Amino acid sequence: MMTWILTGMFLLSLIFGVMNGRIEQVSTAAISECGKAVELVISLLGTMCLWSGLMKVADKAGLTAKLSKLFSPVMKVLFKGMNSCSPAAKAISMNVAANLLGLGNAATPLGIAAMKELEKESPLSTSATDNMIMFVVLNTASLQLIPTTTALLRLKAGSIAPMEILPAVWLTSAAAVISALFMAKLLGRIGGKRHGAV
Amino acid sequence: MGQFNHYIIPVIMCAIVIYSAVKGINVFDTFLSGAKEGFSSGISILPALVALMTAVGMFKASGALDVLTYGLKPLASLLHLPSEVIPLALLRPISGSGALAIFQDIITTYGPDTFIGRVASVMQGSTETTFYTIAVYYGATKINKTRHTLPAALTGDLVGFIMSAVTVRMFWNIFCR
């Protein structure tokens, strides 16, 4: 899937670049953007180290196990055969908690840790498992309870009530998360049958 | 309310460290071994990010967004979305910083407390940078077949876009008339 997206985006950039007479800008972007990826990773490394370190401490003290027990009713519905005491369940719980609190920078390293744990459950496969898909899809939807950046930008633009969007944001997020997870379950079931046949 | 946000991170950090120290855990050494793992997973996502950010950067520079915005106008009116927010909807899944810039542009041009401004705000606040998340999360693993990850994630985004206009109409028709 990612192969086609990458190929498609390169091709579309070339076609539209020529059509719009912006091929020079496309060429410049091709050279400069890869450097920006390195800058981004370097700027993320600090929070990555910090939160992976704190996660390890919380894990040793038994805090993540408590959190994962708290989330286990929801996790059992979303993830097949997930034991709430497994390392993967703990990492997923920490990631979800960070997402709810709006700690995006902490959620990413915790999420990557969760992916590595999920990978250990099927070490030989290069194909994503249903649980991995469920987890990534959960993270591509917004779980943040208070969208602080959006509210701050509204305030800066002169809004008289920057937080008044909250009920609409909650309802919209809930609809988006539920439909995405439903699709993940549904497509997983259809694909699962096909996988079983092969 | 605004102040509350600044408490979250320091309070959580303190709580984790104090609780663990009281339990007799060697907090510093444990932290270091965890941080080392964080460092290597940070490096492991770089190749995926280079691919994605280069593609997104070229796509934005090519002006494809303007063409697509024009082409999608009939679809947007079918979904009762104001056409002014199409660029935001297109960019939101692929570029976090790009979406933020367009969002800022929309609310300063049309005003944050207008219909267009509110729909853009709800859209911005209730969706995530889908492609980035997929690239980073799978980039840290050996997975190369993502199966139905993207279709499911994009379904969520599409529902989010449609619902942002629906909820804004719903809430502001009830309370403001």
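The largest nonpolar core of this predicted model, where a nonpolar core is a set of buried Ala, Val, Leu, Ile, Met, Phe, Trp, Tyr and Cys residues joined through C-beta atoms within 7 Å, has 103 residues. A residue counts as buried if 20 or more other C-beta atoms, placed from the backbone, lie within 10 Å of its own. Those with the most contacts inside the core are A:Leu110, A:Ala114, A:Val137, B:Val85 and B:Leu88, while α2(A) gives the most to this core, with ten residues. Because domain 1 (1-43) and domain 2 (45-175) of chain B both give residues to the core, it lies between them; the domain bounds come from an automatic or database domain assignment. The C-alpha centres of these two domains of chain B lie 32 Å apart.

With residues taken to be in contact if their C-beta atoms, placed from the backbone, lie within 7 Å, A:Leu110 touches A:Trp51, A:Met55, A:Ala91, A:Met94, A:Asn95 and A:Ala98, not counting residues up to four places away in sequence.

Between the chains, 86 residues of chain A are in contact with 82 residues of chain B. On the side of chain A that touches chain B, α2(A) gives the most, with 26 residues; helices are DSSP runs (H or I, at least four residues), numbered from the N terminus.

Residues are numbered from 1 along each chain as its sequence is written, and chains are lettered from A and ligands numbered from 1 in the order in which they are written. Local features need pLDDT of at least 70 and side-chain atom pairs count only at pLDDT 80 or more, whereas totals for chains, interfaces and linings use all residues.

Technical notes:
Two residues are in contact if their C-beta atoms, placed from the backbone, lie within 7 Å. Helices (H or I, at least four residues) and strands (E, at least two) are DSSP runs, numbered from the N terminus. A residue is buried if 20 or more other C-beta atoms lie within 10 Å of its own, exposed if 12 or fewer, and partly exposed in between; C-beta atoms are placed from the backbone.
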